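Colleague: I have a chain open on my screen and would like to go through it with you. Could we begin with the outside and then work inwards?

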Amino acid sequence: QEEEEDEEDDEFDGPNPCYIAGDCIDKLACNLPMKYVWEAGLSLSIHYMQLDDPRYKKAGSACLGQLVEGCQDPMREQLPNVLPLVLAAAQNQDKYSRESACFCLGQMAEYCQPEIMAYQAQILPTVFALLDDPRTSVQGISCYVLEMFCEHISDDNVAPILDDLVNKLIVLMQSPRLSIKEMAIAAMSAVAIAAAENFAPYANAVMGLLAGPLEMVAAELLTLRG
């Protein structure tokens with residue numbers, strides 16, 4: 001049932017109300033003075049994420065994620081207050097809440113550097129769990145979050161989690177879903193750079209998985225070679 005729903009999502013090629021609303025929030029946050037967007041958006045996001053209904057949790061973390069790029073500075077200051085709510089939504093039984101919260105974490109990992117790195121001990125275990133999520137969209141976004149973190153993490157900090165991280169990404173690199181393969185490969189590249197010489201024991205196994213994509217010539221598969 002889960003895979004069927006994911007396939008239906010992939011077949012849908014038009015904007016839905018949720019997407020349009022999120023895009024509007026993103027555009028407003030990026031183009032209007034923050035005083036018109038930030039306080040109202042933050043208050044609404046926190047309120048919704050504190051409700052029990054998973055639909056509101058999804059909406060709250062989605063709204064917060066869309067605010068991040070345009071409101072980076074105040075978001076950095078609010079990380080101690082909003083991260084517990086986002087992490088709770090990321091562990092919710094509702095798949096859409098997890099997906100939305102994962103997106104929010106990805107936005108924070110990309111736009112709230114370096115402050116977000118202070119919370120890696122709380123965030124990374126949750127992201128590791130999301131790599132095993134039955135919903136493939138959550139797996140893919142988790143790879144994106146890891147990629148953003150690994151672009152900023154030191155080799156000393158990545159070393160204790162390297163084995164678990166590489167093994168999970170190796171599994172996703174073998175996914176039949178092209179989008180998951182792409183994001184897992186991108187995340188693995190960031191991991192390799194962050195780990196430096198510590199990545200050497202895994203190099204042969206990873207290169208073996210990359211051999212196939214590097215030889216692909218079909219136009220729709222060329223993104224894997226990039």
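Predicted model: local features only at pLDDT ≥ 70, side-chain atom pairs only at ≥ 80, totals over all residues.

Colleague: OK, and how many helices and strands does the protein chain have?

Modeller: The protein chain has 13 helices and zero strands, where helices (H or I, at least four residues) and strands (E, at least two) are DSSP runs numbered from the N terminus.

Colleague: Where does Tyr36 lie, and is Tyr36 buried or exposed?

Modeller: Tyr36 lies in the loop between helix H2 (17–31) and helix H3 (38–49). Tyr36 counts as exposed because its relative accessible area is 55%, given that buried means under 20% relative accessible area, exposed over 50% and partly exposed in between, with a 1.4 Å probe and protein chains only.

Colleague: Changing topic, what share of the residues of the protein chain count as buried?

Modeller: Of the 226 residues of the protein chain, 45% count as buried.

Colleague: Which buried residues does H7 have?

Modeller: They are Gln120, Ile123, Leu124, Thr126, Val127, Phe128, Leu130 and Leu131. These buried residues of H7 pack against helix H5 (72–90), helix H6 (95–111), helix H8 (136–150), helix H9 (155–158) and helix H10 (162–173).

Colleague: Why does Thr126 count as buried, and what is Thr126 in contact with?

Modeller: Thr126 counts as buried because its relative accessible area is 9%. Leaving aside its neighbours within four places in sequence, Thr126 is in contact with Leu87, Ala90 and Gln91, where contact means heavy atoms within 4.5 Å.

Colleague: And what does Leu64 touch?

Modeller: If residues up to four places away in sequence are not counted, Leu64 touches Leu42, Ser45, Met49, Met75, Val82, Val86, Cys104 and Met108.

Colleague: One last thing, how far apart are the end C-alpha atoms of helix H7?

Modeller: They are 16 Å apart, which agrees with the 16 Å that the 12 residues of helix H7 (residues 120–131) should span at 1.5 Å a residue, because the expected span is 1.5 Å times one less than the number of residues.

Terms used: Residues numbered from 1 in each chain as written. Heavy atoms only, no water.
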